[in-house]
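Welcome, and thanks for taking a look at this one. Here is a short briefing to read alongside the model.

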Amino acid sequence: MTSLSAEGLMVKRDTGLSPAAGSLVDAGNRYGAWFHELDAWIRFWDIYHPETAGRYYFGNGSSEPGLLRRFLPRKSRPAIFNAWVRMALALDTRQKFVDEARVPEVAAAVLEVDRLFSRLFKSHFGDARDPEVRADFINAMLCFGCNTLPPASDRAARIAADDPRKSSAGRYSMDADLMWFSWSLHLEAVHAVIGVDEEHARRSLMLAGIVVGCSADFVWSGRGKSRPEYSRDFQTAYLLRNMGAKWAKDFTEGRNEVHGLFRIREWGQEQ
C-alpha cells in the first residue's frame, strides 16, 4: 500500500497552495473508494445494492427490518445504545453493555455487519497486522475527518433532487457527529460478543481510526468540542496520526479514548 502524509491532503485547503498531485491524488482516490463502498452497502443501498433491501441499513420500510435497527437509534433507542451511552459517560458498568450486546438478535446483527466490514477492509486495505496498512488506514480516517477527500460527484449525480441525502451525497464525510460514536458502539459490541479472534487487529485499527477521524472532524469542522490541545493545524494532524498508530495496537486504549471524547461532546469536558 502507498503510504500518505495526511497533512499533504490538507495543504490545499488550509494554505491555498497548488492542488495535490501524483501520489496524494492516488491516495485520496483510494480512500474515497473505500468510503464510497461502505456507503454503497449501507446508506445508499437502494442506488448501488438494491438486492440487499436495506439489510445493512435500517431496512426498506416493509419486508426487511435492517440490521442497524437492532443496535442503533432510528425511531427508538435500542437498549444496547442506551447501555453504551451510560457506560461511556461512566454512569453504569460495562457489564450492562456486554449483556445487551450478547442478546441473541443483537449479537447476530453486529456480527453480520462486522463480516461486511471485514470483507470490504481487506479488499481496500489488506491485512491490519501490517504496519503499512495501519498507517494507510489512519491516514484515510484523518483525511475523512478533515473533509479533504475528492468529491463524490458520480454519487451525487445519481441522487434525486428531492432526496434528503442530496445535500451530503457529493462529499465523503460524516453526516452527524453521533455517527462516530455509533460506529464505535458497533465495534465494541462485536468485541463484547466474541472477544479477541483473528479479526481483532482490524477492529482495533478501525476503532483507532474512529478516534482520529472524530477528533479531526470536530476540530476541522468546528461542529463539536474536542480536546483543548487540538487545533486546526499540521501539528494536530501529526499528533493524531501518531496517536492513531498507538491506539491501533490496543483496543482498550482506543475504546477509552472514544468514551472520553463522548464525555467531552456531552458535557464540554471529560470530567
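A polar contact here is a pair of N or O atoms within 3.5 Å; within protein, one atom must be able to donate a hydrogen and the other to accept it. Keep that in mind for Arg 203, whose side chain makes such a contact with the side chain of Asp 197 at 2.8 Å. Please note that this is a predicted model.

**Arg 203 and its surroundings**
- Arg 203 sits in helix α11, which spans residues 200–221.
- With a relative accessible area of 3%, Arg 203 is buried.
- Leaving aside residues up to four places away in sequence, Arg 203 touches Asp 114, Leu 187, Val 190, Ile 194, Gly 195, Asp 197 and Phe 251.

**The largest pocket**
- The volume of the largest pocket is about 710 Å³.
- Its lining counts 29 residues, and those nearest the centre are Asp 39, Ile 42, Arg 43, Met 174 and Met 179.
- Helices α2 (23–41), α6 (104–124) and α10 (178–194) each contribute at least two lining residues, and α10 gives the largest share, with five.
- Sorted by class, the lining holds 19 nonpolar, six charged and four polar residues.

**Cysteines**
- Searching the whole structure turns up zero disulfides.
- Cys 143 is in no disulfide, and the nearest cysteine sulfur, in Cys 146, is 6.9 Å away.
- Cys 143 is buried, at 1% relative accessible area.

Conventions
Residues numbered from 1 in each chain as written. Predicted model: local features only at pLDDT ≥ 70, side-chain atom pairs only at ≥ 80, totals over all residues. Heavy atoms only, no water. Helix = DSSP H or I, 4+ residues; strand = E, 2+ residues; numbered from the N terminus. Buried < 20%, exposed > 50% of the residue type's maximum accessible area, 1.4 Å probe, protein only. Contact = heavy atoms within 4.5 Å. 1 Å grid on protein atoms, 1.4 Å probe; cavity = no way out; pocket = protein on both sides within 12 Å on 5 of 7 lines; lining within 4 Å. Points joined across faces, edges and corners; volume = space filled by probe spheres on them. Nonpolar A, V, L, I, M, F, W, Y, C, P; charged D, E, K, R; others polar. Disulfide = S-S within 2.5 Å.
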